[in-house]
Amino acid sequence: MTPTDLVQAAKACGMSALGLTDHHLLTGTIEFVKACQDAGIQPVIGLEIDLEQGPLQLLATSTEGWSNLCRLSSVLALRDNPDAPCSLEMLFTYSKDLIALCENPQGLQDGFEDRLYVPLRNISSTGSLSAKARNLGLPTVVAHPVYYQTPEQARLQKTLAAIRLNQTVTTISQTALAPADAWFMSPQLIEERFKEFPEALQATNEIAERCRFDLPLGKSQMPVVPLPEGVTAAQHLRDKATAGAIEIYGEITPQIQTRLDHELEVISHMGFEPIFLIVEDILNFARETGVPYSSRGSAASSLVAHCLGITSPDPLRLNLYFERFLNPARVTPPDIDTDLCSRRRDSVIQHVFDTYGTDKVAMVGTINRYRRRSALGDVVKAYGLEPAEVRELANQLPHAWWARFEESEEGEDPPSPFADLRTAYPNYQAIFDDAETILKLPRHLSMHPGGVIVAPDALTDLVPVMNSGGKGVVITQLDLDSVEALGLVKIDLLGIRGLTVVGDVAEFVQQSQPEQYATPLAVLDSTPSVDEATSTRIEKGETIGCFQIESPGMRATLREIHARTEDDIMAALALYRPGPLTGGLKDAFVRRFKGEEPVRHLHPALAPLLDETFGVILYQEQVLRIANELAGFSLAEADLLRRAMSHFDPGKKMQELERKFVNEAQARSGIPIEIGERIWEMMAAFAGYGFPKAHAASYARIGWRSAWCKEYFPAEFMAAVLANWGGYYSQRVYLSEARRLGLKVRPPHVNYSRHQFSVQRMSSPEDRALFMGLDQVKELTQRTIGRIIQYAPFTSLDDFLSRVDPRNQEAEHLAKIGALDGFGKIPAILKRLQAGGWQRDQMSLFTWSDTSEEDWTLQQKVDAQLEILGASLEAHPLELVLDKISGAISSIDAVGKIGRRVTVAGVRQTSRRSRTAKGDMMLFLTIEDLQGTLDVILFPDVYRIAKSFLDSNPPLLITGVMEMDKERGEPYLRAEKVASIS
């Protein structure tokens, strides 16, 4: 049961106080405390640890007690063996303001004085424990353990214990399970059970009173930043913002000064200056060390952030509102999220630890919860099924998109996420019951993708920490919501591959033109904002590999709206969202953009607010503008309105806001009541799905720079995309794109390849090729890869064998994929390798040479590369059958023909079978061609016909109707006919 479940059970029983003592960690504490506060119940905060003599429960009596729980839990969790018993010396170090409950309290009296109790848990042992307490002069207390809510859940607790210990429900020992009757009993039942021990019952009230205190929830805990002597944080921030404004704008106009003054006043009033100063310091370090970065989210709405170099979009030019980022009505610190090159991000995070202190900094923990696949997989293993059976069951569960589609197709949600499996495997009902019950329960703690906490003092004064798996990184035991509830500042430093790609290209450009560019970042900073060739590439949707603008639907959108600039990309990013897609706003935007229908406004007063988006509300900021300029809402009030709308709040507050908006719009702007109501409905329909313009602007810049890199440095760009494992598509699509760009694409070669994809010169500086990395060769060890790179180039096969000394299988794999090209034909090399006989650093007395003329066919080379590399460098499978394909269009062209019948050709990338409600088999398929990928659905009548040849995985010719999954925002093909291309 969750902490909230526990509190609700207590509330239903009329309890006044409730304690939580999780084992070793404090992860659920803040959720528990908040749930208690909401229910009007006093929380008793605790922790259970292990001593040599058995378990010990510790209860905090003050905020200092909470700090000691955090410190003790952290010290234990950070040890090499976190499960080892705690020593008494360590326990006494952190015992201040803690009450201890222990069944074997010998040796604890000196450390806890009048704060030590003997707990009575099970009625069968109360007599002996009570006698022991009397002999030691210690009080007793009733402490009934709760591990599950109802007696029927004892079986589920056994399953979870088996999962935790990696055992099975049939082999797990009784001592590893919860005590008997560890379900949530009513106070009346507990009083009846322990009626002969009134002092122990009374002690529960006494302890509750002693543990009455409030955690500092909602209280800001700003970190301390270094400041010039005699200068306040507010003045320091103002000085930096002013200097930045002069550098960016040349002069500070009255408009700029007014905006800066307003923002700085709000920031100062809320005491948030340290956040801005820390992020500025972090990004200064990124700039100095050449780490590509970009802003994300609503922080780009701040002029102060822009002037500090934290964000790149100009909030004045784009009409971005500070209140969208930092509303004066909020109390929690704002999020300033930053994207960093994923490969270089760790150095920036390390800078935060080094600068602000390892005792004050940690990564944020995150709670991974059970989903269908993980729940079923863990439960099946706990029930002792073989791994093959586990995979068989898990693989039959639908992925997210397929599951949504099936539910919408049938019109009703299935009664159980395991409904199909329950029918197919009637003997496994208990497994499916347990798996369904644990859905959304915590599975394990892991590291947040980018959240970093910086505390004013030692972090463990307020938050417990632990190690994150094998990563050697310290993370908080509390998740993001709990950390923020304690008022701590979280800074998101997220790694994204898109920045790594442009960073790699920039590095190449800078190294080849050092006289023009001092650093790689200088290359990116000099990317022109207007460039005809880049604009043409974007307008044509030729953006495979480009950040955020490479999916089939996104490329189709770029083509539809004739996107040519950063601002156009910004509009496309906002258009291609569930809201505009579902509400038909995208279609209206495109028609108006093309001049196919006139721009119509509900009222002329909307024209200046919506003209840039052709009368369509596209950005969240436009909701703020409408409320502010038409109805006189302050920007702070307008943002609160947007937030309320986005949460679909139909309550009384929204009714009051609607009346205020309609009345004020009439009074201030002359908008009739009925028109005001329609404008309100339009705002409300959009607000839940809206996209912040500030976020779109930040991502549009990376998208534009990606397209510029692809246009002018195609070889380096595609090498970077492939070296960073692509993005939306499979590797085969990117390889096809590289060939389409006219690049020579080669398999790994012992004389040219590095670890990853790279561009290498061959016979002349102009003769360059894109070589796959040696890391991708199956069964090739890092030792052999290292020796190849160290000793290359090689002059002959014998030279290679002698100096590298590969294993037979390694050498054969290299030969089969063409990595020994130039030393002989593949059949002859394989024959030589089968003879063996080479030794390290000893050349053969008789130099081997190939005099044969026979070589493998193209099909043989493709097959070998597919097996050993996972992709063919010689050709895409479709390229081998191009002469047999007629009447097919590319996947990107198909995406632009929603509602029309098309024929496409492609090879299977992924597929999954499923059953309809009637039990008929159908297939969800993703195919790829030379231009991208496309989702396809084969309903039972089509699948029955195609099933006979689909298992052999040939290239396919598929005819059907293009449709749009508006929830995902991606198109799919509803297949009508499927044929094999042989």
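In this predicted model, strand S3 (residues 54-60) is mostly covered, with 6 of its 7 residues buried. S3 has a partner on either side. Strand S2 (residues 42-51) pairs with S3 in the antiparallel sense, over 6 bridges. Between S2 and S3 lie 2 residues, and the two strands form a hairpin. Leu51 has Gly54 in S3 as its bridge partner. Strand S4 (residues 98-101) also runs antiparallel to S3, and 4 bridges join them. Here Leu59 stands opposite Ile99 in S4.

These strands belong to an open sheet of 6 strands, in the order S1-S2-S3-S4-S5-S6. The pairing in this sheet is mixed. Strand S1 (17-23) and strand S6 (140-142) stand at the edges. Each has a single partner strand, so one side of each is left without a neighbour in the sheet. From one strand to the next, the twist averages 35 degrees. S4 and strand S5 (residues 116-120) supply a parallel pair, joined over 2 bridges. In that pair, Ala100 stands opposite Leu116 in S5. Helix H9 (residues 198-210) packs on the sheet and touches S1, S2, S3, S4, S5 and S6. The direction of H9 makes about 85 degrees with that of S6. In a regular strand the side chains alternate between the two faces of the sheet.

A closed barrel is also found in the chain. The barrel has 5 strands, runs S17-S18-S19-S21-S20 and shows mixed pairing. Its twist averages 45 degrees from one strand to the next. Strand S17 (residues 901-915) and strand S20 (residues 956-965) pair in the antiparallel sense over 6 bridges. Val902 has Gly960 as its bridge partner in S20. Helix H43 (residues 940-950) lies across S17, strand S18 (921-928), strand S19 (933-938), S20 and strand S21 (970-980). H43 runs at about 60 degrees to S21.

The interior comes next. In soluble globular proteins, nonpolar side chains tend to be buried together. The largest nonpolar core of this model has 149 residues. Phe276, Val304, Leu493, Val750, Phe800, Leu814 and Leu820 have the most contacts inside it. Helix H34 (residues 693-712) gives the most to this core, with 10 residues. Val304 illustrates the packing. Leaving aside neighbours within four places in sequence, Val304 is in contact with Leu237, Ala241, Leu260, Glu263, Leu264, Ile267 and Phe276. A second, separate core has 67 residues, among them Phe112, Ile453, Leu478 and Val483.

Helix H37 (residues 782-791) has five named buried positions: Thr784, Ile785, Arg787, Ile788 and Ile789.

Two single residues were examined in more detail. Thr543 is found in the loop between helix H24 (532-539) and helix H25 (552-560). The relative accessibility of Thr543 is 0%, so this residue counts as buried, the cut-off being under 20%. A polar atom of the Thr543 side chain lies 2.5 Å from the backbone oxygen of Ile549. With neighbours within four places in sequence left aside, Thr543 is in contact with Arg537, Ile538, Ile549, Glu550, Arg555, Leu558 and Lys710.

Pro580 is placed in helix H27 (residues 578-582). At 2% relative accessibility, Pro580 also counts as buried. Not counting residues up to four places away in sequence, Pro580 touches Ala574, Leu575, Leu585 and Lys586. Pro580 and Ala636 are 56 residues apart along the chain, and their C-alpha atoms are separated by 25 Å.

The protein chain has 43 helices and 21 strands. Its radius of gyration is 33 Å, close to the 30 Å that the globule rule gives for 982 residues. The chain is therefore as compact as a globular protein of that length. Along its principal axes, the C-alpha trace spans about 95 × 85 × 70 Å. Of the 982 residues, 53% count as buried. Among contacts between residues at least 6 apart in sequence, 68% join residues at least 24 apart.

Methods
Residues numbered from 1 in each chain as written. Predicted model: local features only at pLDDT ≥ 70, side-chain atom pairs only at ≥ 80, totals over all residues. Heavy atoms only, no water. Buried < 20%, exposed > 50% of the residue type's maximum accessible area, 1.4 Å probe, protein only. Contact = heavy atoms within 4.5 Å. Pairing = 2+ DSSP bridges. Axes fitted to C-alpha atoms, helices over the stretch in contact; angles between N-to-C directions. Core = buried A, V, L, I, M, F, W, Y, C linked by side-chain atoms within 4.5 Å. Polar contact = N/O pair within 3.5 Å; in protein donor to acceptor, adjacent residues only side chain to side chain. Rg over C-alpha atoms; globule rule 2.2 N^0.38 Å.
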